[in-house]
Amino acid sequence: MNLPLDDRLRLGVQTLHRRTEPATGPWLPTIDELADLVGLVDRCGYDSMWVGDHVAFTIAIFDPLMQLAQAAVLSRRLVFGTDVYLLPLRHPTPVAKQVSTLDHLTEGRFIFGVGVGGEFPKEYEACGVPIAERGARLSESFTVLRKLWSGEPTSHAGRFFQFEEVMMQPPPRQAGGPPIWCGGRSEPALRRIGRLADGWMSYVVTPDMFREGLEKIEAAAGASGRVFDRGFGTSHLLFTRVDDTYEKALDAATVSLSKRYAMDFRKAAQRYCALGPPAEVVDTIRRFHAVGVRHLILDFVGPYEERYAEIERFARDALPLLADLRRQ
């Protein structure tokens, strides 16, 4: 089978309301700062806005569903999404209610990106969830969410979750619920995506790695007899830095990402980031589009105080170079 992919490229922004360089503790933004960032992404002509998720992380981070609920009031055009929500940390039933509500608040412009995480085991410890169960819990949660989003009385008897004759109202704005896209690079994760998910959210992969992953997802989908009535979404979170030279962009990305992930990120930045003058960054984006990426989520890296300028600079200097792909 061939996965049903759209041709058009959509570009979103990963909006991190957090500093990577706190001077005296976690940075707490004002309401005006939060609102200004959503407005900037909208005015600059991007297609979507995305937020990540951690219960406990190396730096300060907000709850993504609450953050997007506020953002939905500020833009009536943008698509909103999570990349990715660590669903195994939570019971899927209250999450189903929250996501259904958020789907209404965004007027059906919501994509629910989920994943297992695991890089920070203390999150699982704090939530009382065995980290070794995260993959199995995620797989079962797909079923629970879709049952509850039907709007009809439904029952479930699984390994982790059980209930009888529960009817959750109202159902989501989007029929059947928002599309569930799933992150992951391992073989089990790619098979899970092929069997269960409505899309793939890749992260720290090269274009060749993306192409190979998509082939494995396609094989798993074919083996399970999947039918994609709403198409199949493909997205990639791309660390991005537009600068005068590749070297300047690499230096800024290395400092920012090394602090965010508490490790030396220079070699990873060289391999996985889109860096340099606009034409070079656009070339990397085109290579991802050529292997099947249709939603490119840009995570602008560098000093926090330059984030607004990075969003504006990319929109001014790089977006016009991608006009042909965005019109398809």
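The paragraphs below walk through this predicted model, from the whole chain down to single residues.

A few ground rules come first. Residues are numbered from 1 along each chain as its sequence is written, and side-chain values use heavy atoms, with hydrogens and water left out. Because the model is predicted, local features need pLDDT of at least 70 and side-chain atom pairs count only at pLDDT 80 or more, while totals for chains, interfaces and linings use all residues.

Let us start with the whole protein chain. It holds 12 helices and 12 strands; these are DSSP runs, with helices being H or I of at least four residues and strands being E of at least two, numbered from the N terminus. The radius of gyration is 19 Å, close to the 20 Å that the globule rule gives for 328 residues, so the chain is as compact as a globular protein of that length. That radius is taken over C-alpha atoms, and the rule is 2.2 Å times the number of residues to the power 0.38. Along the principal axes, the C-alpha atoms fill a box of roughly 60 × 50 × 40 Å.

How much of the chain is buried? Of the 328 residues, 55% count as buried, where buried means under 20% relative accessible area, exposed means over 50%, and partly exposed lies in between (1.4 Å probe, protein chains only). Among contacts with a separation of 6 or more, 74% are between residues 24 or more positions apart; a contact means heavy atoms within 4.5 Å. The accessible surface of the protein chain comes to about 14,100 Å², and 54% of it belongs to carbon and sulfur atoms. These areas come from the Shrake-Rupley method with a 1.4 Å probe, and for residues only the protein chains shown count as cover.

Now find strand 12, residues 295-300. Here 6 of its 6 residues are buried. In a regular strand the side chains alternate between the two faces of the sheet. In strand 12, His295, Ile297 and Asp299 point one way, and Leu296, Leu298 and Phe300 point the other way. Which strands run parallel to strand 12? Strand 1 (residues 10-14) is joined to strand 12 by 4 bridges and runs parallel to it, with valine 13 opposite leucine 298. Strand 10 (residues 233-242) also runs parallel to strand 12, through 6 bridges, and its leucine 237 stands opposite isoleucine 297. Two strands pair if DSSP finds at least two bridges between them.

An antiparallel pair can be seen elsewhere. Strand 6 (residues 154-157) and strand 7 (residues 162-166) pair over 3 bridges in the antiparallel sense, and a hairpin of 4 residues joins them. Threonine 154 stands opposite valine 166 in this pair.

Threonine 206 is buried, with a relative accessible area of 15%. Leaving aside residues up to four places away in sequence, threonine 206 touches Arg271, Tyr272 and Phe288.

Where are the cis peptide bonds described here? One runs from aspartate 83 to valine 84, with omega near -5°, and valine 84 is in the loop between strand 3 (79-82) and strand 4 (85-86). Another runs from glutamine 169 to proline 170, also with omega near -5°, and proline 170 is in the loop between strand 7 and strand 8.

Glutamate 107 is not a glycine, yet has a positive phi of about 60°. Its loop links helix 3 (92-105) and strand 5 (110-115), and glutamate 107 is partly exposed at 31% relative accessible area. Alanine 262 has a positive phi as well, near 55°. Alanine 262 lies in the loop between helix 8 (246-261) and helix 9 (266-272) and is exposed, with a relative accessible area of 62%.
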